[in-house]
Structures are given as C-alpha cells and as structure tokens.
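Keep the structure open beside the text as you read.

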Amino acid sequence: MPIADPAELFLEELGDVLYAERQIEKALGKLVKQAQDAELSEGFEHHREETREHIGNVQQVFELMGKRARAKKCPGIEGILEEGEEFLKENEGAPERIVDLFLAGAALRVEHYEIAAYTALLAQAERMPEPRIAELLRANLAQEEKMEQAARQVGQRLADAAVAAGAEPARGNGGGLDGDLSDATKDELLEMAKEAGITGASRMRKDELVEALQGQRR
Ligand SMILES: [Fe+2]
Ligand SMILES: [Fe+2]
C-alpha cells in the first residue's frame with residue numbers, strides 16, 4: 001500500500017538513514033587503512049566513532065516514535081560506496097596522493113548524501129511535539145557538516161600538493177606538454193588555441209594548431 005501518512009514516510013526515511021549509517025560505519029573501517037595521509041586517516045577514524053553515535057541517535061528516534069528500529073535497504077548509499085570500492089580496485093597501485101585525493105572526494109559525496117537525508121528528516125522532526133527527535137537528528141547533521149568541512153579542507157590541501165608535485169617533472173624537459181597536445185582532438189586543440197588567444201586558429205590544420213600551441217607554451 002502506498003504511504004499516505006507523513007509519519008509513515010518519516011519512519012521509512014529514518015530506516016533508510018539507519019541502513020546508510022551502518023554501511024558507512026563499515027566502509028569507514030576500510031578507509032582508515034586505505035588513506036595514507038595522516039589527517040585524512042585520522043579524520044575517517046574520528047568520524048567512524050561519530051557514525052556509531054549517529055546509529056545510536058537514529059535508534060533513539062525510533063524509540064521516541066514508539067517504534068522498533070528498522071533499517072531499510074538504501075540503494076543510494078550503496079551506489080556511492082560501491083563506486084568508491086570500484087575505483088580503488090581499478091586503480092590498485094595508483095600513487096598515494098591520487099588515492100588520497102580520491103578518498104577526500106568520496107568522503108564529500110557520502111557526507112552530502114547524509115546531510116541531505118538529515119535535512120529532509122528535520123523538516124518533519126521540527127514540527128513534531130517531541131523536541132528530542134529534532135535534537136538527536138540535529139546532532140547528527142552537525143557532525144556530518146563538520147566532516148564535510150574537514151573533507152573539503154583536506155581535499156584542497158591534497159589538490160595543492162598534487163599541483164606542486166605535478167609541475168616538477170614537466171618543468172625540466174619542456175617536452176612534457178607536447179604529448180598531451182598530440183593526443184588532443186582537433187576540436188580540443190581549437191578550443192585551447194582560442195583560449196590562448198592564437199589568431200586565425202579556426203583556419204589552421206591540426207598540425208598547425210599543435211605547432212602554434214607549442215610556440216605559445218615555450
Ligand atoms: Fe553519519
Ligand atoms: Fe558522515
């Protein structure tokens with residue numbers, strides 16, 4: 001039977017977030033080991049403890065609603081976590097900084113999912129007579145938001161480090177850039193030439209575009 005009562009919808013979504021939190025708690029256990037960056041790894045460890053609190057808080061909300069805590073399979077979070085696992089499997093042996101940068105982004109995806117879930121639940125919870133329900137959900141949301149901030153900052157620091165490290169080898173040999181030009185399609189080259197302000201680019205052949213761009217970069 002379709003849901004007709006908003007309280008029923010609330011319980012359904014509460015079950016969804018309970019399932020998600022349990023999956024996240026497990027995933028964080030793996031991420032702690034996969035992250036090589038100390039701040040990132042410690043962040044995952046810390047958030048794993050918080051995630052256990054989130055599970056407890058959601059269970060308490062069920063109790064306050066007079067219901068048994070029931071998790072509902074959540075394909076949304078499963079998809080996000082699966083995508084992360086797939087990337088790590090496909091990129092085994094990738095440099096640490098690439099993996100860490102990926103993990104910081106994956107953490108952001110998860111946190112945004114949770115933030116959305118709690119924000120939606122709070123819209124209803126804040127209109128319920130029992131104030132503890134909203135309080136518990138708000139406590140979870142606040143920690144998700146803090147984790148989102150932390151992941152964002154680590155990601156920015158890692159991206160800075162990646163730029164600094166990536167620039168090194170190309171500087172010395174000068175030829176590092178030619179490779180990406182010859183791999184580019186004519187449309188891409190045209191785009192690059194326009195961005196670089198090369199005049200007459202639209203009338204150039206592919207090899208002429210490469211030459212003009214190389215001239216610019218030298
Ligand atoms: Fe959480
Ligand atoms: Fe979280």
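## Overall build

Reading from the N terminus, the elements of the protein chain run α-α-α-α-α-α-α-α. That comes to eight helices and zero strands, where helices (H or I, at least four residues) and strands (E, at least two) are DSSP runs numbered from the N terminus. The radius of gyration is 24 Å, well over the 17 Å that the globule rule gives for 218 residues, so the protein chain is more spread out than a compact globule. Here the radius is taken over C-alpha atoms, and the globule rule is 2.2 Å times the number of residues to the power 0.38.

Along the principal axes, the C-alpha atoms fill a box of roughly 75 × 40 × 25 Å. Of the 218 residues, 37% count as buried; buried means under 20% relative accessible area, exposed over 50%, and partly exposed in between (1.4 Å probe, protein chains only).

## How to read the values

This is a predicted model, in which local features need pLDDT of at least 70 and side-chain atom pairs count only at pLDDT 80 or more, while totals for chains, interfaces and linings use all residues. Residues are numbered from 1 along each chain as its sequence is written, chains are lettered from A and ligands numbered from 1 in the order in which they are written, and side-chain values use heavy atoms, with hydrogens and water left out.

Let us start with the iron ion (ligand 1). Its donors are Glu21 (OE), Glu21 (OE), His54 (ND1), Glu114 (OE) and Glu144 (OE), at 2.1 to 2.3 Å. Donors are N, O and S atoms within 2.8 Å of the metal (3.2 Å for Na, K and Ca); water is not among the atoms, so sites may look incomplete. Along the chain, the donors of the iron ion (ligand 1) follow the spacing E-x32-H-x59-E-x29-E. Glu21 sits in helix α1 (residues 6–34) and Glu114 in helix α4 (residues 96–125), so the pair ties together parts that are 93 residues apart in sequence. Both Glu21 and Glu114 are buried.

Glu114 bridges the iron ion (ligand 2) and the iron ion (ligand 1), which lie 3.4 Å apart. His47 belongs to helix α2 (residues 38–64) and Glu114 to helix α4, so this pair ties together parts that are 67 residues apart in sequence. His47 is buried, as is Glu114.

## An aromatic pair

What do Phe87 and Phe102 form? They make an aromatic pair that is stacked, at 3.8 Å centre to centre and 10° between the planes. Rings of Phe, Tyr and Trp (its six-membered ring) pair if their centres lie within 6.5 Å; planes under 30 degrees apart count as stacked, over 60 as edge-to-face and the rest as tilted. Phe87 is in helix α3 (residues 75–90) and Phe102 in helix α4, 15 residues apart. Phe87 counts as partly exposed at 22% relative accessibility, whereas Phe102 is buried at 17%.

## The lining of the largest cavity

Phe102 turns up again here: Ile80, Glu83, Gly84, Phe102, Ala106 and Arg109 line the largest cavity. On a 1 Å grid over the protein atoms alone, a cavity is a set of points where a 1.4 Å probe fits but cannot get out, and lining residues have an atom within 4 Å of a point. Helices α3 and α4 each supply at least two residues of this lining.

How values were computed
On a 1 Å grid over the protein atoms alone, a cavity is a set of points where a 1.4 Å probe fits but cannot get out, and a pocket is an open set with protein on both sides within 12 Å along at least five of seven lines; lining residues have an atom within 4 Å of a point.
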